[in-house]
Amino acid sequence: MLHPFGSSQRLPTYKDARLRGLVLIVQVPPGPVKLSETRQLPVNVSLTNRGDQSIELNFLTEQRIEIYLRDASGAIVTRWSDNRAFAANPASVLINPNEHLEYAETIATRDLVAGRVFTVEVLVPAYPELDAKRKSIAAP
């Protein structure tokens, strides 16, 4: 059977049944990241509802996503939220079937090491099961 979006990927399975149908995708520029030219790495995130029912997400603060840069050993070297303040404004977000949320952010590359693999990890702090990773390599 062909998926209507052109993808035959299975939907992730979550312990929290309220999340079924959601797909979190993280994108970074293709190819090695040239540290001499890139101080801020663009990170694009999309959270898509590929299910057939609306999904409501509840948040206690204004923060919707978290981005980590991890070194080759998996240690966090940069945390996107470190220099940001998030007000304690509880809110709900409703994602209808076939709709998505998009976030275009950047994260500092100053703690990356040239010639080493790193991982960009994005998660939704209010729903830790919503987690996606993308590996890349740092070039001089």
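How many nonpolar, polar and charged residues are there in the lining of the largest pocket? By class, the lining has 4 nonpolar, 4 polar and 5 charged residues. The model is predicted.

**Largest pocket**
- The space in the largest pocket comes to about 160 Å³.
- Its lining is made up of 13 residues, and Thr78, Arg79, Trp80, Asn83 and Ala108 are the closest to the pocket centre.
- At least two lining residues come from strand S6 (76-79), and at least two from strand S8 (100-108).

**Open sheet**
- An open sheet is formed by 5 strands, with mixed pairing.
- The strand order is S2-S10-S9-S5-S6.
- Strand S2 (33-34) and S6 are the edge strands. Each has a single partner strand, so one side of each lacks a neighbour in the sheet.
- S6 also supplies residues to the lining of the largest pocket.
- Strand S9 (residues 117-124) and S5 are antiparallel, paired over 5 bridges.
- Arg70 has Thr119 in S9 as its bridge partner.

**Gln63**
- Gln63 sits in the loop between strand S4 (55-59) and strand S5 (66-70).
- The relative accessible area of Gln63 is 16%, which is under 20%, so this residue counts as buried.
- A polar atom of the Gln63 side chain lies 2.9 Å from the backbone oxygen of Ile65.
- Leaving aside residues up to four places away in sequence, Gln63 touches Trp80, Ser81, Phe86 and Pro125.
- Of these contacts, Trp80 is also one of the residues closest to the centre of the largest pocket.

Definitions and conventions: Residues numbered from 1 in each chain as written. Predicted model: local features only at pLDDT ≥ 70, side-chain atom pairs only at ≥ 80, totals over all residues. Heavy atoms only, no water. 1 Å grid on protein atoms, 1.4 Å probe; cavity = no way out; pocket = protein on both sides within 12 Å on 5 of 7 lines; lining within 4 Å. Points joined across faces, edges and corners; volume = space filled by probe spheres on them. Helix = DSSP H or I, 4+ residues; strand = E, 2+ residues; numbered from the N terminus. Nonpolar A, V, L, I, M, F, W, Y, C, P; charged D, E, K, R; others polar. Buried < 20%, exposed > 50% of the residue type's maximum accessible area, 1.4 Å probe, protein only. Polar contact = N/O pair within 3.5 Å; in protein donor to acceptor, adjacent residues only side chain to side chain. Contact = heavy atoms within 4.5 Å. Pairing = 2+ DSSP bridges.
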